[in-house]
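Please keep the sequence and the model in view while reading.

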Amino acid sequence: MDKFLQAAIEEAKKGLNNGGIPIGSVLVLDGHIVGRGHNQRIQKDSSVLHAEMDCLENAGRLKASDYRRATLYSTLSPCDMCSGAILLYGVKKVVVGENKTFCGPEEYLRSRGVELVIHDDHECRQIMASFIQKNPELWNEDIGE
């Protein structure tokens, strides 16, 4: 398994263990993780702290050229909000753990020049399926339904 996707899965598990939605993300620059995050909407009573947003926040301010060289890893396909942040900061590559549970605007990202690498990772799917089965109302809130 890709060590950076594994790090994103560890973030997802951290979120789950803290009472949140199990989605994790890491930002990788020049072979090093520069930001980590997990969905914290529940823990911080936030409307915007999806895993990717938390990860970007935790990476701090980077140069535009750094974002263009970076790869964002997420255990789940990024939603519209997170995809907007990817486009805003010019991240050119996104590695997704799975997109069966939820599929964000992947074709739009591709049309804007973002390379998407989709893994059909069993662990990512299992974590989300188990969470959704136990917490459908929290999941629906997270995706705006």
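Which residue just after H1 takes a positive phi? That residue is Gly 19, with a phi of about 85 degrees. The model discussed here is predicted. In UniProt, an unreviewed entry lists residues 1-116 under "domain: CMP/dCMP-type deaminase". That span is 40% helix and 23% strand, and its end C-alpha atoms lie 17 Å apart.

**Helix H1**

- Helix H1 covers residues 3-17, a total of 15 residues.
- From its first C-alpha to its last, H1 reaches 21 Å, which is close to the 21 Å expected at 1.5 Å a residue.
- The N-terminal end of H1 is capped by Asp 2, which places a side-chain oxygen 2.7 Å from the backbone nitrogen of Phe 4.
- The buried residues of H1 are Phe 4, Leu 5, Ala 7, Ala 8, Ile 9, Glu 11, Ala 12 and Gly 15.

**Nonpolar cores**

- The largest nonpolar core has 17 residues, and those with the most contacts inside it are Leu 27, Leu 72, Ile 86, Val 94 and Val 114.
- At least two residues of this core come from each of E1, helix H2 (51-59), helix H4 (80-89) and E4.
- Another core, of eleven residues, lies apart from it; Phe 4, Leu 5, Val 28 and Tyr 73 are among its members.
- Leaving aside residues up to four places away in sequence, Leu 27 touches a set of residues including His 32, Val 34, Cys 55, Leu 62, Tyr 67 and Leu 72.

**Aromatic pairs**

- The count of aromatic pairs in the model comes to three.
- One of them joins Phe 4 and Tyr 73, whose rings are tilted, at 5.6 Å centre to centre and with 55 degrees between the planes.
- This pair links distant parts of the chain, since Phe 4 belongs to helix H1 and Tyr 73 to strand E3, 69 residues apart.
- Phe 4 has a relative accessible area of 13% and is therefore buried, and Tyr 73, with a relative accessible area of 8%, is buried also.
- Tyr 67 and Tyr 89 form another tilted pair, with 4.9 Å from centre to centre and 35 degrees between the planes.
- Tyr 67 lies in helix H3 (residues 64-69) and Tyr 89 in helix H4, so this pair ties together parts that are 22 residues apart in sequence.

- Val 95 has its place in strand E4.
- Val 95 counts as buried because its relative accessibility is 2%, which is under the 20% limit for a buried residue.
- Which residues does Val 95 touch, not counting those up to four places away in sequence? They are Thr 71, Leu 72, Tyr 73, Ser 74, Val 117 and His 119.
- Leu 109 is 14 residues from Val 95 in sequence, and the two C-alpha atoms are 12 Å apart in space.

Key
Residues are numbered from 1 along each chain as its sequence is written. This is a predicted model: local features need pLDDT of at least 70, side-chain atom pairs count only at pLDDT 80 or more; totals for chains, interfaces and linings use all residues. Side-chain values use heavy atoms; hydrogens and water are left out. Helices (H or I, at least four residues) and strands (E, at least two) are DSSP runs, numbered from the N terminus. The expected span of a helix is 1.5 Å times one less than its number of residues. Buried means under 20% relative accessible area, exposed over 50%, partly exposed in between (1.4 Å probe, protein chains only). A polar contact is a pair of N or O atoms within 3.5 Å; within protein, one must be able to donate a hydrogen and the other to accept it, and residues adjacent in sequence count only if both atoms are side-chain atoms. UniProt positions are given in the numbering used here, feature names are shortened, and annotations may be inferred rather than shown by experiment. A nonpolar core is a set of buried Ala, Val, Leu, Ile, Met, Phe, Trp, Tyr and Cys residues joined through side-chain atoms within 4.5 Å. Contact means heavy atoms within 4.5 Å. Rings of Phe, Tyr and Trp (its six-membered ring) pair if their centres lie within 6.5 Å; planes under 30 degrees apart count as stacked, over 60 as edge-to-face and the rest as tilted.
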